[in-house]
Amino acid sequence: MYTIIIDDEEMARAIIEQFSIQNKELTLNAQFSDAIHAIKYLNQNQVDLIFLDIHMPTFSGFDLIQTLKNPPKIILTTSDRNFALEAFEYDCIVDYLVKPISKDRFDKAVNKASAFSKPLNPTLKENSKQESNQDLYVNIDRRLIKINFLSIYLIEAKGDYILIKTNDKNYTVHSTLKKIEEKLPKDLFLKVHRSFIINTKKIIDIEDNSVLIEKDVIPVSRSNRPELMKRLNLL
Amino acid sequence: MNESPTLTYINQLAGENLSFKSKLINVLKKELPEEIKQYRKHLNEGKYQLAADDVHKLKHKISILGLELGYQLATDYEEELRNINSFNNGNFEEVLVAMTKFINELK
């Protein structure tokens with residue numbers, strides 16, 4: 001992938017330059033200390049990937065993205081550890097790196113960009129689409145945290161919050177069951193009670209009006225029970 | 001200051017590549033004083049938003065030199081400056097002085 005670096009800090013450019021040289025996926029074409037010169041370059045040259053500093057004086061990384069008609073893939077760089085990724089609103093942004101950047105993290109981001117760039121045959125494209133739809137990003141303490149749908153076994157309403165339980169960890173998120181229900185794959189998740197959504201693949205057993213998921217016994221309301229029974233492969 | 005600057009990150013990054021290590025140190029020696037000068041100028045002129053931008057930029061070098069507490073202080077101070085307040089100016093200055101002393105002693 002042909003790439004350029006845009007960062008007003010020489011130290012950051014030197015580090016990314018070195019990582020780029022070491023990464024065989026990348027060919028570093030140019031580097032810029034400000035966005036204006038980069039835009040001029042991009043108007044005349046095509047690149048596959050930009051390492052873009054968000055926080056630059058006068059013209060920020062986001063300002064630059066908005067000026068590009070067909071932006072290439074972009075990996076954002078930032079010194080802000082609490083950076084909340086509203087950036088994923090832009091399709092061109094594939095990842096972001098918090099400075100100081102480690103080589104491993106850099107390579108991971110490049111792999112991600114590379115996967116985005118490769119032409120896919122229809123089957124792979126469909127698989128990839130499904131794969132990208134397997135994750136949910138939730139906002140916790142100004143960070144967007146990725147949760148794989150398959151790892152979720154239960155979601156419980158808790159006032160203005162929802163508790164998302166996964167195999168590894170629980171997440172408390174400021175949202176509603178209705179909102180998250182719209183984002184969940186319908187074939188996997190079912191609202192069994194006004195306060196609970198379950199992953200039907202994680203059911204251990206069902207008894208009368210309750211269902212056992214992992215170690216949680218969850219009530220099943222009468223109105224939702226028929227739909228739950230329909231989902232089961234009954235003998 | 002309860003912590004001291006280190007070259008741990010730069011050493012890890014460069015590994016056995018001494019020319020790269022030397023390049024990073026040279027960039028640090030050149031760029032850090034410029035950034036500090038810029039920050040002090042903006043602060044003295046009462047240009048708090050610009051001073052906050054300068055602190056933001058300095059955070060990278062504070063992290064590179066392994067100053068975890070310094071990074072936290074810089075994050076809080078940047079926020080203060082954006083709210084037209086420089087309460088932590090003295091504490092932040094201590095971090096800058098420690099970093100300057102450290103890089104001046106590097107060969």
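How many salt bridges does the rule find across the interface of chain B and chain A? The rule finds four, a salt bridge being a side-chain nitrogen of Lys or Arg within 4 Å of a carboxyl oxygen of Asp or Glu.

## Basis of the model

This is a predicted model, in which local features need pLDDT of at least 70 and side-chain atom pairs count only at pLDDT 80 or more, whereas totals for chains, interfaces and linings use all residues. Residues are numbered from 1 along each chain as its sequence is written, chains are lettered from A and ligands numbered from 1 in the order in which they are written, and side-chain values use heavy atoms, with hydrogens and water left out.

## The interface of chains A and B

Contact (heavy atoms within 4.5 Å) links 24 residues of chain B with 17 residues of chain A. On the chain B side, H56(B), H60(B) and Y71(B) lose the most area to chain A, together 28% of what that side buries. The area buried between the two chains is about 1900 Å², and carbon and sulfur atoms give 57% of this; buried area is the accessible area (1.4 Å probe) that two parts lose on being put together, summed over both.

One salt bridge joins the side chains of K57(B) and D8(A), at 3.4 Å from N to O. Helix 1 (8-14), helix 2 (18-44), helix 3 (48-64) and helix 4 (68-82) of chain B each give two or more residues to the side that touches chain A.

## Chain A as a whole

Chain A contains seven helices and 15 strands, which are DSSP runs numbered from the N terminus (helices H or I, at least four residues; strands E, at least two). Of its 235 residues, 46% are buried, that is, under 20% relative accessible area with a 1.4 Å probe, protein chains only. Among contacts in chain A between residues at least 6 apart in sequence, 48% join residues at least 24 apart.

T77(A) lies in strand 4 (residues 73-78) of chain A and is buried, with a relative accessible area of 0%.

Methods: Buried means under 20% relative accessible area, exposed over 50%, partly exposed in between (1.4 Å probe, protein chains only).
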